[in-house]
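User: Please examine one part of this model closely and describe how its residues relate to their surroundings. Kindly state the cut-offs behind each term.

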Amino acid sequence: MLLAYYQARTGVGASQFAAQAAAGSAANQKKVPTAPWSTLSKSPQPDDLMKGVLNGHKFVDENAAKIDVKDANSDYKKLFSVYQALATLNALAEKANSSDTSAAELKRIQAAFTRGMSEVSSYLDTAKFDEFRLTQGDMTTQARMSVGVPKTNATYVTAPLQAGSADDAVDAFQGNVSFNLAVKSLANVTTNVTFDLSEMGSTTRSMNNVVKYMNDKLAAAGVYTRVTVDRIAGQDQTTTVNGKTITLSKAVDQFALKIQGDTTEQLTFSANTTAPAVYVTQTVGDPDPDGKPSTNDAVQNEQLLKLETGTASDAVRRPGDVNWVDGRVFAVDLPSEVTSVRKTVTGADGSIYMLADVNGEVDGQTIKGQSDVALMKYDSAGKLIYTRTLGAASNADGFGLAVSADGQIAISGSVTGGLIRGETGADPTTADSFVTVFDDQGQEVWTQRQGARDEDEATSVAWGADGTLYVAGRTKSALSGQSASGGWDGYLRSYNTNGTLVSTNQFGTSGDDKMAGLVVDGNNVIVATQEGGDAKLRQFDFTTANAPTLAATRDLGSLGGGSLAGVALDGSKVVLAGSSGGVLSVGTTTRAYSGDIDAFAATVSTDLSSTASDAIAYYGGSGSEHATAVTVSGGKVWIAGTSKGDIGGAAPIGDVDGFVAELDVATGAVGYSQRFSGKDGFATPNTITVGQTGSSVLDRLGLPEGTINYKDSQLITAATAARDGDSFQIRTRIGGPAVTISISNDDTLDTLAQKIRRVTGYTVKVDVVSDVDSRKLQIKPINDRYSLEILGGTGGKDALEALGLQEGFVRATTIDKKTDKIVPADGGSPMYALKLPRDVSLNSDTDVKNALDKLSLAMSAVRTAYRDLQSAATPKDPLANVKGTAPAYLTAQIANYQAGLDRLTGGG
């Protein structure tokens, strides 16, 4: 009745009004299909989609996108397909976040999520939209690497040697301080400069005076290198009172030596008198501060310690050095991303090679997955020379490290996810063994990955005299051509100089066997294992390289609750070390067992026969002493471990102390020994290595033994986590194909820049730019008329994260004069960014929460694209911009109509 009255008053006929209404409805609503997130949508719900993908259905399925408008733009179907895939991934993440999800369910969910992320990425890489552009990444005006290749910096700064004033006497400069410097020019001419601070006479040996003395000597020798005083300004010391930060005072300045070198001169330092130096890596900090195992409140960190040995030890305490003991040269905190140190080895040049596990960017190198393995090289003064990350796509753990006589470095461990170019069939959830060899400059030579049906890992490596690499490890299932005994079995493999697998031997018991290491004695390889609580040795004869035979075995008896720390070779003797809760069956006891748990070192013949010269020496006291690492150097056995009680009259310092001891197993004599503590009274040594000439007067000046290397590799595969065969893609034409840029072992930033220009038809501007310490690539369109999209590499070989490049659109922008909106300057359709990293996963609680956040942003971006499409397809109300006050009669009419409608509908 009211409608008829309205039509009569306006002079509009019923048929005409109906036609107008239908036209308006078609124009304003039916051009835009109902979105899948709408309550009116008939699209499958996320939970239903989740059940489907767990049963193998596709994540991105255009046929599952419900379009309720005939002849709708095809962009809607594609956009809804992306949204439903993201919603499915989100449902999986929410299920993984639920406390009701079982471990078995979680594994299925994680596998499905990984598959879904890959499927979404593949779809977005190739999908073409008519009305807009969509990227999985972000949007920016230029792409610049956040990871750089180090620039050559011809300076070397020591640790702080003095606090207070540069004019005061420095303790480290007192006494007999003399050393040598050999300066080699590009023409291979060497100039020797001898420094002897006694030549300063009565002049105060301060930082400023010693630097002047050294520069006078350098100038007289006619070399370019100079020395300066490096001032480290004291920082404000603060405290917090009632939530407010109060500045107490400023800490005193500290001073170090800075060598201002020249790239044309190679510097080599040496001292006339040297002694062995012990390098120990340790974990410090209370592992359970509140005494509640259920809480995760530990704040621990990894350190590298250097200890001087010998009667001439005269290390001086440096400014700010806490927990110092006699003879300690330094305690360097390792990067916070280092979660554990697995092995250290001293090189022929006096440097220390370290194998560590890392969980984040370290020394400028990003990691691709959740964890990675890093080879780190330090000089004898504790300065980091370089870092080489493995480049695992998911997770990796390092275990074995060995340095050959010619400087080649081998590392081994376990890896899940992608690693080697072109590899197929790797189970993304099962760990495989890997071995990588680097040359003496830290460049990767070859990598091999081999696995069985179940988990396996390569725990130790050792070099043969002919360049053969021997690898010991363990596996939960049979290796190719071998038989499994049950539980964890041991294995021994050999590789030739080209990295080709030559032989495999699998062995063990029905239980879980542990590998303790291996040593090479000519054609024989001795492997140490812990089997059923016993210490056991096996000798393999490699006279026939591709068919080694088990030549001898020896069981040394029960460890009584202890464990093996490692095995080494000392001439014609095999040295086995660890901790034991009883007396082992090894020849003569030269140092008695003290009771409880004692550290021990035993020597037996390399043929494993029982001889009169077999001996064992225990090292312990009133408490439990656990040996955690062993090495042989200078004919002596060096062990590191932990102690809670007295050892040889040395009383405890903290709750858990670390110790180092030099044992002569043949006599039982203890040579050098030192006990030390760490932060919160806790110190746990993890590795030990000895440099026979590492201790000298150079320690007092913070200078390294040997040659200072200013230059690091300029190769991308050395300076970053990118590996040979990693790639990324660039799309330069709207809707066009993406071109692939692959990284090779010999690529530098300059060659990679030229490679990008060439494959993109020179429509991309690529520059090598510099910051303070490094050089980086910068990528952008050649001009504002162009745009580009950077995409990740495929097949688990994505290089973007390793290079620190951001995925997404790179474009210039302008202001649309009609809408006042920011739009792409290339004149193309609008751009939308999901900001969804390709490596989002559900591997941990933190990953799950991150995935939920990232997916929420991505789904929001899809909804924004839909709203903009809807606005463009929906004509605006012609009265939307009418302004002013409605007439009184019209206001009264509307009020009457509203009152009538309220009566008809009961107010609804």
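Analyst: Helix α6 is followed by Gly-222, whose phi is positive, near 80°. Helices (H or I, at least four residues) and strands (E, at least two) are DSSP runs numbered from the N terminus. The model is predicted: local features need pLDDT of at least 70 and side-chain atom pairs pLDDT 80 or more, whereas totals for chains, interfaces and linings use all residues. Residues are numbered from 1 along each chain as its sequence is written, and side-chain values use heavy atoms, with hydrogens and water left out.

Helix α6 covers residues 207-221, 15 residues in total. From first to last C-alpha α6 reaches 21 Å, close to the 21 Å expected at 1.5 Å a residue, the expected span being 1.5 Å times one less than the number of residues.

Its buried residues (under 20% relative accessible area, 1.4 Å probe, protein chains only) are Met-207, Val-210, Val-211, Tyr-213, Met-214, Asn-215 and Leu-218. An α-helix has 3.6 residues a turn, so residues three or four places apart point the same way. The buried residues of α6 pack, with contact meaning heavy atoms within 4.5 Å, against β6 (162-163), β7 (178-185), β8 (190-196), β9 (226-232) and β12 (254-260).

The whole structure holds 18 aromatic pairs, that is, Phe, Tyr or Trp (six-membered) rings with centres within 6.5 Å. Phe-195 and Tyr-213 form an edge-to-face pair (planes over 60 degrees apart), because their ring centres are 6.4 Å apart and their planes lie at 70°. Phe-195 belongs to strand β8 and Tyr-213 to α6, so this pair ties together parts 18 residues apart in sequence. Both residues, Phe-195 and Tyr-213, are buried.

Technical notes: Buried < 20%, exposed > 50% of the residue type's maximum accessible area, 1.4 Å probe, protein only. Phe/Tyr/Trp six-rings, centres within 6.5 Å; stacked < 30°, edge-to-face > 60°.
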